[in-house]
Amino acid sequence: MRFSAMFIPTLRETPSETEAISHKLMLRAGFVRQLASGLYIFLPLGWRVMNKINAILREEMDAIGAQEISMPVLHPAEIWQQTGRWDAIGDEMFRLKDRTGRDMCLGMTHEEIMTWLASREIRSYRDLPQVWYQIQTKLRDEARPKSGVLRTREFIMKDSYSFDVSEEGLRKNYQLHAEAYHTIFTRCGLKFSMVESDPGMMGGAISHEFMAPSPAGEDEIALCDKCGYSANVELAVSIPVKNEPKEWSLEEVHTPDKRTVQEVSNFLKLPSSYFIKSILVIADEGPVIALVRGDQELHEKKLAKVIGNHRPAQKREVKEILGVEAGFIGPVGQTIRIIADTSLKKGEYVSGANKPHYHLRGIKAEKDFSPEWHDIHTAKAGDLCAKCESALRVERVIEIGNIFQLGIKYSNPLRAFFLDENGQEKPIVMGSYGIGPARIAAAAIEQNNDKDGIIWPKSIAPFDVELLPLNMNDPKTVDVAEKLYADLTAMGLEILMDDRDERAGVKFKDADLIGIPLQIILGEKNLKEGLVEIKERKTKEAVKVKVEEVVERTTSLR
RNA sequence: CGGGGCGUAGCGCAGUUUGGUAGCGCGCACGGUUCGGGACCGUGAAGUCGGAGGUUCAAAUCCUCUCGCCCCGACCA
């Protein structure tokens, strides 16, 4: 491609109202433009990258026997009503009516439609297994689109669905997908981890997420370098570092106006890990006290799994229900339901005395209070791995893919049944598997950039090589450039030739910004000696090479 | 949905406090000089100041309403 013939609107200045590096660089380098909040236009360069990624997705999906199909984006409501998600999902679903008044929605995902197809077409165990996938647009009315292409309202997703006769078949397809995903992300040049994840509303028992480390991410994962344990902090379990034992007998201590853990900790000159944080929440069943150690944070979702929907109590409610203001509540002598984090089972603690301006020191679990024990704290860096007790690391990550074992959650309500060898009717056992190609692109930029711009991994770069004939008014430069362009193209390389009548500086700046992995620089002086420069975008290292050797050297570097 | 910020030329911004009829840099067009890391000189085009209503002799500026975008949080199948 000739630069002059391609629409590459680079920007010298960073548009304001952008935060994520990938967002800034995609805009500046002319890969995307924003249409509205959470809606992006992919320009020629951006679309080339997307297609590179999609080609890898297709190759690896085909390699595990998945078959590409294409499903509508507009769905009738009935199918979503049958699985209950029409009602379970709120404002995030785009809904509309057709001209006859029929309820419709725009697909946020395709479990329902894929299962509908299976329910109509799959009758016998002989028809199974099947794996179907598509690379298709999804629409979600996100509460908060953000970070450029990372969280949008309309996005392309590679989604595949496996259909099996048994759990065993599902596990096999699940495993195949996990392996394919490893290959895909490795090929795309990403650093990533596969972690245990919370299936959430997707349903099913087991799910994993593929996470690319980046400060622009929205999730956090806990990692153990020793035993390899890795999980989304949504469900990661950890053991807080143990306290030195204390020889305390139970006694009240006067703590005038000291309410927060921090205040009492400073006042008593005791680390916050010796305190019990008592948090009153209002659940559907009524008030519940949640206890976590003073240096830990309560994990709302873990607590929700135990007591269901709940909200923090207001200050006024604390006083009404417990008879003492929030700063001085504690577990001892309570009659309402108490859920305590398991890390409090051992040790001696300080907590509120349920009496204004007093705390109790020397509290022991089971002796002074008897709660229900659950893991309800948030795993944090420095906590110990629940499996091998070495220190955990916590990393911010971008979710680039996920895999779910759905089981019969969708096949049952949609009556996707088959007859087994014995003529027995059984629901198809399903899995679903997603990858966001735009997130791969964004994560690749987040992980590979410098002050000058993007540094694309070779596999997903919009072009293999950028040719930079510096002076388009020099006939020799143009001749050599045209020849190299033709020869390299003939070798199967994709070349972007900056044939614009621009100054050298402009071409260099744009080339670095756009981030094509190899630059071949044709300067007048070098050409007089029969030389050109081959420069790696990543290292900025350049070698001078004879014109005749360029094709060979370039193909070997690629 | 809660909190905060911002809408002035394609982009980045000043002007708003204290009303007086819109400006700078980049980009763009044309001419000339330049030509290995975002050149220089000159000329020029380009803005219903997000929108609607109001106050006023006069509104980018003050008031009311409204739309949009960004950030933090909640949410995220």
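How many bridges join strand E31 to strand E32, and do the two run parallel or antiparallel?

Good morning. This is a predicted model, in which local features need pLDDT of at least 70 and side-chain atom pairs count only at pLDDT 80 or more, while totals for chains, interfaces and linings use all residues. Residues are numbered from 1 along each chain as its sequence is written, chains are lettered from A and ligands numbered from 1 in the order in which they are written, and side-chain values use heavy atoms, with hydrogens and water left out.

Let me begin with the whole chain. Chain A has 14 helices and 33 strands; helices (H or I, at least four residues) and strands (E, at least two) are DSSP runs, numbered from the N terminus. Along the principal axes, the C-alpha atoms of chain A fill a box of roughly 95 × 70 × 45 Å. Of its 558 residues, 53% count as buried. Buried means under 20% relative accessible area, exposed means over 50%, and partly exposed lies in between, with a 1.4 Å probe and protein chains only. Contact means heavy atoms within 4.5 Å. Among contacts in chain A between residues at least 6 apart in sequence, 68% join residues at least 24 apart.

I now return to the opening question. Strand E31, residues 518-522, is joined to strand E32, residues 531-536, by four bridges, and the two run antiparallel. Two strands pair if DSSP finds at least two bridges between them. In this pair, Gln-519 stands opposite Lys-535 of E32. E32 is also joined to strand E33, residues 542-546, by five bridges, again antiparallel, and here Leu-531 stands opposite Lys-546 of E33. The hairpin of E32 and E33 has five residues between the strands, and Lys-540 takes a positive phi near 65° in this hairpin.

These strands belong to an open sheet of five, in the order E30-E29-E31-E32-E33, with mixed pairing. Its edge strands are E30 (495-497) and E33, each of which pairs on one side only. On average, neighbouring strands of the sheet are turned by 25° against each other, direction ignored. Helix H12, residues 504-514, packs on the sheet and touches E29 and E31; its direction makes about 175° with that of E29. For such angles, axes are lines fitted to C-alpha atoms, for helices over the stretch in contact, and the values run from 0 to 180 degrees between N-to-C directions.

Which residues of helix H14 are buried? In H14, residues 550-557, they are Val-550, Val-551 and Thr-554. These residues lie on the same side of H14 because they cover an arc of only 95° around the axis, the arc being that of the directions from the helix axis to the C-beta atoms. The face turned away from this buried side carries the exposed residues Glu-552 and Ser-556. The buried residues of H14 pack against strand E29 (465-469), helix H11 (475-490), E31, E32 and E33.

Let us turn to a pair of helices. Two packed helices are described by the angle between their axes and the distance between the axes. The axes of H2 (residues 44-63) and H10 (residues 437-447) come within 9 Å and cross at roughly 115°. Val-49, Met-50, Ile-53, Asn-54 and Leu-57 in H2 meet Pro-437, Ala-438, Ile-440 and Ala-441 in H10. By class, this contact has eight nonpolar, one polar and no charged residues. Ala, Val, Leu, Ile, Met, Phe, Trp, Tyr, Cys and Pro count as nonpolar, Asp, Glu, Lys and Arg as charged, and the others, Gly among them, as polar.

Leaving aside neighbours within four places in sequence, Asn-54 is in contact with Ile-135 and Pro-437.

Tyr-410, in the loop between strand E23 (392-407) and strand E24 (417-419), is buried, with a relative accessible area of 0%. Asn-473, by contrast, lies in the loop between E29 and H11 and counts as exposed, at 60% relative accessibility. From C-alpha to C-alpha, Asn-473 and Ile-321 are 84 Å apart in space, and they are 152 residues apart in sequence.
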